[in-house]
Amino acid sequence: MTTDTPTDVFEEHRPVLMGVAYRMLGRVADAEDVVQEAWLRWSGADHRAVREPRAYLVRVTTRLAIDRLRQIKARGETYVGPWLPEPYVTDFGDTVPDAAERAVLADSVSLAVLVVLESLSPLERAVFVLREAFGYPYADIAAMLDRGEPAVRQLAGRARKHVDEGRPRYEVDPVQRRDLTERFLAAAAEGDLEGLMELLAPDVRLVGDSGGKAKAPLRILETADNVGRFLVAVAGKGIPEISFRFLELNGGPAVLVLSGDKPDSVFQVDVSAGRIRSVYIVRNPDKLRSLASA
């Protein structure tokens, strides 16, 4: 006989609910709002009638996230410059001991994948997240979304095809990625163009997200020469009281750049064949608030 309270049950599943909501929305604040709304629904539910609390809570959270995503798309907000997901602290640690499962979860929350997911419909995105990130059977997803299983399989196929076509393929060796991140940080901080050119792939891309609220490129920069020279120019201007902190964000190593004790930016790199293929820089202050205490 269990003595867990409704609050205990919800808190046990909160990390999963947050993981679903964030992958659906790409925004930490929106994901937190959805999880809070799920808590309100749960607190008012007849718990004796709920056989599987986790399935119930994931279903409620997914539906709320779909509604929130539809509202966001309906508003048709115009974003200044390239858009990146809000950086999300991920530290699976001992909670996901299986290396293969950890790799799947890390990939499903990566910046490259989340950017592609933005182009999916809310239902396609929900099916992709539930199937690919959390491994739910098609029958369970169909029940959560009140759709037939054949329709869910069709949605899953379309979503998987779109993601496979839209995302670049990168290596996920965490040791190599961390090493290249550290070398990249050192070369960029020192304005070492030669050192940067040794690390950057010829076709490297730099995506800077400022939302028009900080200085960052308003278009994607391409080629090692353009990216390297941009980084050297940035290093020459300097940041007051600069310091750096390594974090695990979106399933991989990242660097939080601080000005004093205030987050200034986050950068992360993707790696292939021993070279940096993508550089992501988030400078929109609205997207850095949740990292102030990270």
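About 50 Å³ of space lies in the largest cavity, and the structure holds one cavity of 30 Å³ or more. A cavity here is a set of points on a 1 Å grid over the protein atoms alone where a 1.4 Å probe fits but cannot get out. Its volume is the space filled by probe spheres set on the points, which are joined across faces, edges and corners. The model is predicted, so local features need pLDDT of at least 70 and side-chain atom pairs pLDDT 80 or more, while totals for chains, interfaces and linings use all residues. Residues are numbered from 1 along each chain as its sequence is written, and side-chain values use heavy atoms, without hydrogens and water.

**Cavity lining**
- Pro87, Leu111, Leu249, Asn250, Val266, Gln268, Tyr280 and Val282 line the largest cavity, each having an atom within 4 Å of a point.
- Strand 5 (262-272) and strand 6 (275-282) are the elements that give two or more residues to this lining; strands are DSSP runs (E, at least two residues), numbered from the N terminus.
- The lining residues divide into six nonpolar, two polar and no charged.

**Asp209**
- Asp209 is in strand 1 (residues 200-209).
- Asp209 counts as buried because its relative accessibility is 0%, the cut-off being under 20% with a 1.4 Å probe and protein chains only.
- The side chains of Asp209 and Tyr79 are joined by a polar contact of 2.4 Å, that is, a donor and acceptor pair of N or O atoms within 3.5 Å.
- A polar atom of the Asp209 side chain lies 2.7 Å from the backbone nitrogen of Leu84.

Conventions
1 Å grid on protein atoms, 1.4 Å probe; cavity = no way out; pocket = protein on both sides within 12 Å on 5 of 7 lines; lining within 4 Å. Helix = DSSP H or I, 4+ residues; strand = E, 2+ residues; numbered from the N terminus. Nonpolar A, V, L, I, M, F, W, Y, C, P; charged D, E, K, R; others polar. Buried < 20%, exposed > 50% of the residue type's maximum accessible area, 1.4 Å probe, protein only.
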